[in-house]
Amino acid sequence: MSQRQTLLPTGTEVKLPDGVRLHAETGGDPDADLTIVLLHGWTLDVRCWHRVLAELGETGARIVAYDARGHGLSDATPLDCATLGQLGDDLRTVLDELAPTGRVILAGHSMGGMTIMEYAHRHPEHFASRIAGLVLVSTSAEGTSRTHYGLPSPLATLFRLAETAGAGVLARCGTWRPHRAVLPVLGPAIRWLLYGDRCDGSDLRLTLSSVGRCSLRAIGGFRTSIGTQQRLDTLSELGDVPAAVLAGSDDRLTPPACAEAIADALPGTELTLCPGGGHMLMLERPSEVAGALAAVTNRAAGSTPLRAPGRRGNRRATHPGTARAA
């Protein structure tokens, strides 16, 4: 996908209270009672959802996707606003502007999932009045406490120290973006860190392109907040909202234990484990992600079931204190 191609047919923008403008795209029936909002991960942008939407097909819902502040085509963020708390506030503004009425399904990958949790924590009454379902993909409610990068413990500790120090340097680099010449050099490292047993060349190029759109301030600035967030208690208070959680068995950033902890905290959640999957399940396993999104949408809408695309991964329905094979 080129820099100018869009995910959805209608482009718009949302101006936030601090003046930052977010790039957003919408599609589907503008009068639909149900809106699906897609939130991308750290250093990515809306384009990472293109395979999921292609698999999902027609849902009867309106679709909204947007680039987080400092990412994609959105404005850069002030450094003191490069926090998950700010992203949670931004999500509320996006909902008020682009989905002011009707029920909403929130689907978030990685940092996008953490944004959803922060929104639920900071705006519980707004969440309760609007949100009809959740899909959480390759994310964590415990910061990076379970992140070991697929490395032995001593190496993981060194890697974490280097990553944290590097993030601090990048955060002070302002609105500069990674130089285009650097991106191909990062390819092997990005492939290893973010992908499991499958990585189409076009997906890796899209990932690198997204990193190239992200400001150095955002790349480094959000790291502290991502590393320290703790929101299991928030999830446990959400009640029986329809939800699905997906994880890749080979995810080096948010391993399956992160998803299992979320599923244990959030009642009525269906947990899908994707064998061989890495961190980028929207690109690696779009059928599984689309299937989970369709299932949650059906549960929320109470309508005739949508097509469940593709072959699902290994699943188990998880409730507090119980687990069974699906």
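Predicted model: local features only at pLDDT ≥ 70, side-chain atom pairs only at ≥ 80, totals over all residues.
**Entry 1: Glu118 and Arg231**

I started with Glu118, which pairs with Arg231 in a salt bridge, with 3.1 Å between the closest N and O atoms. Glu118 sits in helix 3 (residues 111-122) and Arg231 in the loop between helix 9 (223-228) and helix 10, so this pair ties together parts 113 residues apart in sequence. I checked burial too: Glu118 and Arg231 are both buried.

**Entry 2: Thr234**

I stayed around helix 10 (residues 232-236), where I found Thr234. Is Thr234 buried or exposed? Its relative accessibility is 8%, below the 20% cut-off, so I put Thr234 down as buried. Leaving out residues up to four places away in sequence, I saw Thr234 touching Met117, Ala120 and His121.

**Entry 3: Asp197 and Arg285**

Next I looked up Asp197, which forms a salt bridge with Arg285; the closest N and O atoms are 3.1 Å apart. Asp197 is in the loop between helix 6 (183-194) and helix 7 (201-213), while Arg285 is in the loop between helix 12 (281-284) and helix 13 (286-301), so the pair ties together parts 88 residues apart in sequence. Asp197 is partly exposed at 49% relative accessibility, but Arg285 is buried at 2%.

**Entry 4: Other salt bridges**

I also found Glu13 and Arg21 joined by their side chains in a salt bridge, at 2.6 Å from N to O. Glu13 comes out partly exposed at 45%, and Arg21 is partly exposed at 32%. Then I spotted a network of salt bridges linking Asp18, Arg69 and Asp90. How many salt bridges are there in the whole structure? My search turned up 13.

Conventions. Residues numbered from 1 in each chain as written. Heavy atoms only, no water. Helix = DSSP H or I, 4+ residues; strand = E, 2+ residues; numbered from the N terminus. Buried < 20%, exposed > 50% of the residue type's maximum accessible area, 1.4 Å probe, protein only. Contact = heavy atoms within 4.5 Å. Salt bridge = Lys/Arg side-chain N within 4 Å of Asp/Glu carboxyl O.
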